[in-house]
Structure formats: structure tokens, C-alpha cells
Amino acid sequence: MEFQYDLNVLLKDEITRIDSHYLNHLERFGSGMIGYRGDLSNQLEWAIDSIGDLSAKAQHLKSTITTYRRLKHSDQILYLMKGGSLGKPNLIGLLKIGRKKLFLRDGGGTQIECEPLCVLDFYVHESLQRSGFGRRLFQRMLVTESIDPKSMAVDRPSDKLLSFLAKHYNLRATVPQVNNFVVFRGFFTSVSPVRGFSSGPRLPARDNVRLPEIPSSRSANPRRHSQPIIFGRNPFGADGMLNNPHSQQSNPHC
């Protein structure tokens, strides 16, 4: 699965925060230009949809839950992680979060209405698991969103994700629910009941989120046929360094 463009043009940082505002900015200022500039939003759409497909396959889901279009028309937030050498980056992980209106039961059986920030999709390439990438990706999200992991709900977590949360954030004791969401002990301490219901704490408005940098039309000619970006079954070379593999794709999850 090749990316016939330079991933560094789309994602300037190792971990990039993407939401509908980011995508609208990219489409508005990155389209209608000559050369590759008019394709930036299409390239990012293909990248997001591709890694979203891999995440769905890894979790044995019937359909892909992380797509460019869904992200554009929602208030969800996607963190994309790239890795590799400067000239040969790979897209290696994603973390999608968003608020959901939920009816949950606390430890005493009282039903609470809340709208917590939820983990909706979390995926790291199989060959890169247990290498610290998932922890770096998840921690960046926590810091950026100013959120405590125990105050988040998790949608249909896999056994791997539950093990990840237990290992890195000591989230082990869950409060049983009747829906697909999992919450941990301590979740309800951040909820203030109002007439038997409560609302999860909302995040402050973020005015410092980095928007995509649109290349200047006066810049040097883009490297349309630079090193292809691939999801490889083994993205490591013989020297053990992360490279740009020319092989099939494997299917991992965080």
C-alpha cells in the first residue's frame, strides 16, 4: 500500500492533531493550486482512510470507523503518528477521541448522564507494538487535551488496549456498564450530578492548535515521486532501522 507522495508535506510533526477545523483549513488553502498543492486534502484523505482500514481489520470490525469524511463532519479528533527516517517516513499509528453522550451507572447503581471524552480508536502497527510508540501517542493526547486517563470512557476496548491502560496508567478496576463503553474506578469522581445526572468536564477552547502548513507556490518543485510511503509487513531494514518497506501490509492494534 504505497503513498506516492512525501508524507512530510502532510504531517510536519511526529504526532499531528487533526480535526474538522484542520481539514477545512487544508481544503480551503491547499486546493485550487497548480501541481501537487491541489491534492493535499486528497492525499491526507487517502492516508487516513488507509490506516483506518488497517485498524478496523486488526480489531475484526465489520466496517471502518476512522475515515476522513467522518472526521470532517464531526467534532472528533484524530492523532496521527509517523516514524522513520526524514526521507522515508511511515504512518505507524492513530488515536481517535471524541465526546459521546452516555448513560452510565456508578458503583452504587445510580444512572448518570454524561458526555465524557472517549477513546474511539487506537492502533499502532503490529511490528511496532511494545516499542513505546503507543505510549508516546497516547501520552501526547493526554497532555494536549489536558485530560486525566481515568476520566475517559473507552469504546469496545480490545484485550490489548485494556492491558496497555493497566500497564501504563494503572487502570485496572472497571465499573460494569450495560453498553459497549468501559470506564474505570475513579471516573465518577470527576462527574458532578445534577438532578441525578451529570456532565463530564469539557475541555477549554484550544487556540494554539497547529494548522497544516500549506507549501508556498514559489517554493521548489515538490517531490511528487519521492520515496513511496508503504505500510510494510516489516518496516525495519537489516540494520534494525525503520525504513520505507516495499512489502505487503500487516494489521496491528495499539
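Student: Why is Leu78 called buried?

Tutor: Its relative accessible area is 1%. Buried means under 20%, exposed over 50%, partly exposed in between (1.4 Å probe, protein chains only). Leu78 is therefore buried. The model is predicted: local features need pLDDT of at least 70, side-chain atom pairs pLDDT 80 or more, while totals for chains, interfaces and linings use all residues. Residues are numbered from 1 along each chain as its sequence is written, and side-chain values use heavy atoms, without hydrogens and water.

Student: Where is Leu78, and what is it in contact with?

Tutor: Leu78 is in strand β3 (residues 77–85); strands are DSSP runs of E, at least two residues, and helices runs of H or I, at least four. Contact means heavy atoms within 4.5 Å. Leaving aside neighbours within four places in sequence, the partners of Leu78 include Thr16, Ile18, Ile48 and Leu94. Thr16 is 62 residues apart along the chain, with a C-alpha separation of 8.1 Å.

Student: What makes α2 and α3 oblique?

Tutor: Their axes cross at roughly 140° and come within 8 Å. Angles, from 0 to 180 degrees, run between N-to-C directions of axes fitted to C-alpha atoms over the stretch in contact. Under 35 degrees is roughly parallel, over 145 roughly antiparallel, 65 to 115 roughly perpendicular, the rest oblique. So α2 and α3 are oblique. Tyr22, Leu23, Leu26 and Glu27 of α2 meet Leu40, Ser41 and Leu44 of α3.

Student: Why are α5 and α6 called roughly perpendicular?

Tutor: The axes of α5 (residues 133–145) and α6 (residues 159–169) cross at roughly 70°. Therefore α5 and α6 are roughly perpendicular. Their contact includes Phe138 of α5 and Phe164 of α6.
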